[in-house]
Amino acid sequence: MKKILIFVRDALLFILFLFRSLKYGFKRSEIIKDQTGKITVLANGPSLKSDLESIVEEHNLNKKEFVVLNFFAFDNIFFELEPKYYCFADHMFFIENSHRNEEVFKLYKILNTYVDWDLEIFIPLGSFDSFVDKARFTNKHITIRKVNNTFYTGNNSFKHFFYKNGLSTPRLQTVAILAIYVALNKGFTDIDVYGIDHTFFDNLTVDNQNRLCNKERHFYSPEDSDVVLKPILRNDNNQPFTIAEYISAISEMFKSHDLLSGYSKYLNAIITNRTSKSLVDSYNRIK
């Protein structure tokens, strides 16, 4: 009876996945498998600041490839590394009126004006048109590619088939998930990850307006800068999460790392977490 119930549940979840996929017409991600070997994902956790010097030295010796995220281009190291891949998943990069619009438009100006090497930018499929409208890139070196981020549900036997064929991803609870997924589907088999601190619980607070906030600090934040209290907002209505809702979402994010770990084994790829201080336990760990 238990096996029958599991079968029925998985069948219903798979049908739900197919209905969600119909929204985008089963469009495949525009990730071309044309690479192999090693790549480094640079997420924006605070620990990255202390790791950058050794990363740059290693890059100068071996000319590594990089995936970067969010506001990484605010640091001059962006122009030294010249990463080939850039990922965005946060709603603030797509919606018309974001609470960080000034920073977002500053970033787009930097990319549009100063990038003089080929750069592929990866965007979730549902946000692609709004991103193009907001960024308005004219730089001929920049190519924007869609990623079908429909979340797979159903029997686990089919999950990796849909990941590999660009028809599904794990939940993109953080842009680092998108970056690692892109690296895997580009064909890289040895992926080092820095800056996935994910020490969210160290930085949670509630402000005087009773909004759940993150005490935000990234590797590119100046040492003497004030800690910014960033309200943690839902994507659908721009209202703050409750603490209970947020912890539930964080749980899904860690599950997504587990899913990527399983997918990497399916592809015979290795993901190594080289973050100095990290709560992520899904990958091989080297400090």
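Tutor: Here is a chat about helices, the sheet and the cores.

Student: Before we start, what should I keep in mind about the model and its numbering?
Tutor: It's a predicted model, where local features need pLDDT of at least 70, side-chain atom pairs count only at pLDDT 80 or more, and totals for chains, interfaces and linings use all residues. Residues are numbered from 1 along each chain as its sequence is written, and side-chain values use heavy atoms, with hydrogens and water left out.

Student: OK, the sheet. What's the strand order?
Tutor: The order is E5-E4-E3-E2-E1-E6-E10-E11, an open sheet of 8 strands with parallel pairing. Strands (E) are DSSP runs of at least two residues and helices (H or I) of at least four, numbered from the N terminus; two strands pair if DSSP finds at least two bridges between them.

Student: Which strands stand at the edges?
Tutor: Strand E5 (142-147) and strand E11 (284-285); each has a single partner strand, so one side of each is left without a neighbour in the sheet.

Student: And what packs on the sheet?
Tutor: Helix H2 (residues 48-62) does, touching strand E1 (38-42), strand E2 (65-69) and strand E6 (190-194). Contact here means heavy atoms within 4.5 Å. The direction of H2 makes about 145° with that of E6; axes are lines fitted to C-alpha atoms, for helices over the stretch in contact, and angles run from 0 to 180 degrees between N-to-C directions.

Student: How do E3 and E4 pair?
Tutor: In the parallel sense, over 3 bridges, with E3 at residues 85-87 and E4 at residues 119-124. Tyr86 has Ile121 in E4 as its bridge partner.

Student: Switching to Thr272: buried or exposed?
Tutor: Buried, at 7% relative accessibility. The cut-offs are under 20% relative accessible area for buried, over 50% for exposed and partly exposed in between, with a 1.4 Å probe and protein chains only. Thr272 lies in strand E10 (residues 270-273), and its contacts, leaving aside neighbours within four places in sequence, are Ile191, Asp192, Val193, Asn284 and Ile286.

Student: Now helix H1. Which of its residues are buried?
Tutor: Asp10, Phe17 and Ser21. They cover an arc of only 35° around the axis, which puts them on the same side of H1; the arc is that of the directions from the helix axis to the C-beta atoms. On the other side of H1, Ile4, Leu5, Leu12, Phe19 and Leu22 are exposed.

Student: What covers the buried ones?
Tutor: Helix H6 (159-164) is included in that cover. His160 is found in H6 and is buried, with a relative accessible area of 16%. Not counting residues up to four places away in sequence, His160 touches Gly262, Tyr263 and Tyr266.

Student: How many residues are in the largest nonpolar core?
Tutor: 45, and Val67, Leu69, Cys87, Leu178, Ile180, Leu184 and Ile191 touch the most other members. Such a core is a set of buried Ala, Val, Leu, Ile, Met, Phe, Trp, Tyr and Cys residues joined through side-chain atoms within 4.5 Å.

Student: Which helix gives the most to this core?
Tutor: H7, with 10 residues. H7 is mostly covered, with 12 of its 12 residues buried.
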